[in-house]
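Open the model in your viewer and keep the selection panel at hand. We will go stop by stop.

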Amino acid sequence: MRIWKSPLVLVLTLAALSLQCGKKEEVGEAPKEEGAAPTIAYQPTGDEGTITGVVNFTGQPPQRRRIQMDADPVCAQKNPNALSEDVLVNNGKLQNVFVYVKSGLEKYSFSVPSEEQVLDQNGCMYRPRVLGLMAGQNLKITTSDPTNHNIHPTPKNNPEWNVNQPPGSEPIIRSFPRPEVMIPVKCNQHPWMRSYIGVLRHPFHAVSREDGSFEIRGLPPGEYEIEAWHERYGAQVAKVTVGVKETKSIEFTYAAGQAYRPGSLRLMPALVLPCCERGTTRAVAMH
Amino acid sequence: MRRGRGVYRLAQVTAGATFVLLVLGALVTSNEAGDSVPDWPTAFGRWLPLEQIVGNVVYEYTHRVVAATVGFLTLLLNVGLWWRERRAWVRWLGLVALLAVLGQAVLGGARVLFLEYRFAFALVHAFMAQFFFGLTVSLAVVTSPGWLRLEQSQAEVRFPTSLPRWCCAAIVGLFVQLLLGAGFRHRGMGILPHILGAVGVSALILASVWNVRRVVREHGGELRVLSRPALWIAGLLGAQLGLGIAAYLARRAARFDPQPLEPMVSLTVAHVAGGALLLAALLVLTWRIFGLSGLKRTTPALQSTVGKI
């Protein structure tokens, strides 16, 4: 039976190897710079600086696709002309890029803000599409739609949950205990609904606005690695030094041709999220 | 003879309903509807949440209702088997099917409730679905009038000893391939294992068909009880390979779609259904080979009757 055993053994081995490859990307507690135990509870001194910047987009952006909401008449009625929101480019500026301090804050710890971040479901879309939180900070999920939704984050380092939210129901308050960039959130009842949450151990993050601009305030003076993450175009990194009360400006530039390949279509590895994909992080010069 | 045609019909209906259930399961996965109902066994805390069956809930809820129907049919089939069937091994096969469908229901529930192990449960659930379908097809084969005639006939067919082995290897290979396909569909692994699996299992299936063809030729081309399923298998294999390639290309083309859309959904579902049909055809062939082999062991040579089966 050597003949039939060989391909089966080969295939099973490759499958096991494939799962193993995926495992490497699924494990790991927090982002690399979070590994060291924080030592100083940071208290603002008045010397804090600011990082401002813009996210550029070169080339022809992909055309926005019409979302077919016919499966739920309530959605189709409330949002009849819904278009895809994964790539929003206005005058060469890219919206919904999550920009955050990736490293440089290891020696500090920061208190969790008491205010909640709100994720609303409106017109069967998540508002906002990209948002940032501190680990332990409350996320308030509201619904403005007269239809049912389920909220289903699929994190890798945090507990996964899936809750139903009927129309008119009370907001759902949840938090993520561990840092993780990024956590995809979806509604399985309306599969076009997607949101991404960046969970950090500090409050220094921003999401690029319609004009591509972003601003991170209140940074202690120091050297930082700033990462920009986009759901389709992956991550870029810039290094920046912020002096006392200084405002530094940086730019990120994404190109139309650099879209990542979804993990499910790869040959060997298990599911790879764009945030975790090797090779998509690129260094960016400071301007 | 305590066997009735009713049991055979019931086995056929159960196998047919299971096939529909498999297609619905593929629709659930392809439409990303697996978690659209966050609770189990109830849906949104109720058994019949009519006003909430919209969007992707339609797929998930229908899947659950048809699953319950298949479970009930399997129970009925067991009652029929234990009442009318005199062959103990067939009764036990029915019981295994009943246990499998109950286990499958629990696995489906675990897939919904234990999100941390979503991929593992989804994979086992997908495998068990095909395994259970194989059991219902097997029950339909062994309770069929054709099988009973085979048992009663005084026929002997000389097979090369490798033939049943090739067929069993093809079935095992196909199960592995179905598992690898489920792994890719549920986004737990890449496509390469599934592609290599397709090469391996195609070789096994073609070897089985080629061996059957040789046996049929040796018997003057009249062993239609084997040649027909072998022809089906060859045709289904070709269709299945084509569907697989088309489904993958459609998935690639749809990778930036805002939601699961056609033709990706239909091609993927057709590919899953094709795999199930291929499994069914292989099982029919293998059972018939075992049936004829059994006759060889127990009856004297009556070569001439075999060609007329």
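The tour covers confidence, then a sheet, then salt bridges.

**Stop 1: confidence**

This is a predicted model, so colour by pLDDT to begin, the predictor's confidence in each residue. Chain A averages 84. In that chain, 77% of the residues score at least 70.

Now select residues 17-34 of chain A. Here pLDDT stays under 50. The model still has 33 contacts beyond four places in sequence for this stretch. Move to residues 269-287 of chain A. Again pLDDT stays under 50, and the model has 62 contacts beyond four places in sequence here. Where pLDDT is low, predicted coordinates should not be read in detail.

**Stop 2: a sheet in chain A**

Show the cartoon and select S8, S7, S10 and S13 of chain A. These 4 strands form an open sheet, in the order S8-S7-S10-S13, with mixed pairing. Which strands sit at the edges? They are S8 (125-127) and S13 (172-174) of chain A, each pairing on one side only. Neighbouring strands in this sheet are turned by 20 degrees against each other on average, direction ignored.

Zoom in on S7 (residues 117-122) and S10 (residues 139-143) of chain A. They pair in the parallel sense, over 5 bridges. Pick Gln121(A): its bridge partner in S10(A) is Thr143(A).

**Stop 3**

Over all chains, the count comes to 15 salt bridges. Start with Glu85(A) and Arg127(A), whose side chains meet at 2.9 Å, N to O. Glu85(A) lies in the loop between helix H2 (73-78) and strand S3 (89-90) of chain A, while Arg127(A) is in strand S8, 42 residues apart. Buried or exposed? Glu85(A) is buried, at 12% relative accessible area. Arg127(A) is partly exposed, at 34%.

Next, select Asp86(A) and Arg232(A). The closest N and O atoms of this salt bridge are 3.1 Å apart. Asp86(A) lies in the loop between H2 and S3 of chain A, and Arg232(A) in the loop between S18 (222-230) and S19 (234-242), so the pair ties together parts 146 residues apart in sequence. Both residues, Asp86(A) and Arg232(A), are buried.

**Stop 4: over to chain B**

Select helix H2 (residues 57-84) of chain B. Glu60(B) and Arg64(B) both lie in this helix, 4 residues apart, about one turn. Their side chains form a salt bridge, 2.9 Å from N to O. Glu60(B) is buried at 5% relative accessibility, and Arg64(B) is buried at 13%.

Key:
Residues are numbered from 1 along each chain as its sequence is written. Chains are lettered from A and ligands numbered from 1 in the order in which they are written. This is a predicted model: local features need pLDDT of at least 70, side-chain atom pairs count only at pLDDT 80 or more; totals for chains, interfaces and linings use all residues. Side-chain values use heavy atoms; hydrogens and water are left out. pLDDT is the predictor's confidence in each residue, from 0 to 100. Contact means heavy atoms within 4.5 Å. Two strands pair if DSSP finds at least two bridges between them. Helices (H or I, at least four residues) and strands (E, at least two) are DSSP runs, numbered from the N terminus. Axes are lines fitted to C-alpha atoms, for helices over the stretch in contact, and angles run from 0 to 180 degrees between N-to-C directions. A salt bridge is a side-chain nitrogen of Lys or Arg within 4 Å of a carboxyl oxygen of Asp or Glu. Buried means under 20% relative accessible area, exposed over 50%, partly exposed in between (1.4 Å probe, protein chains only).
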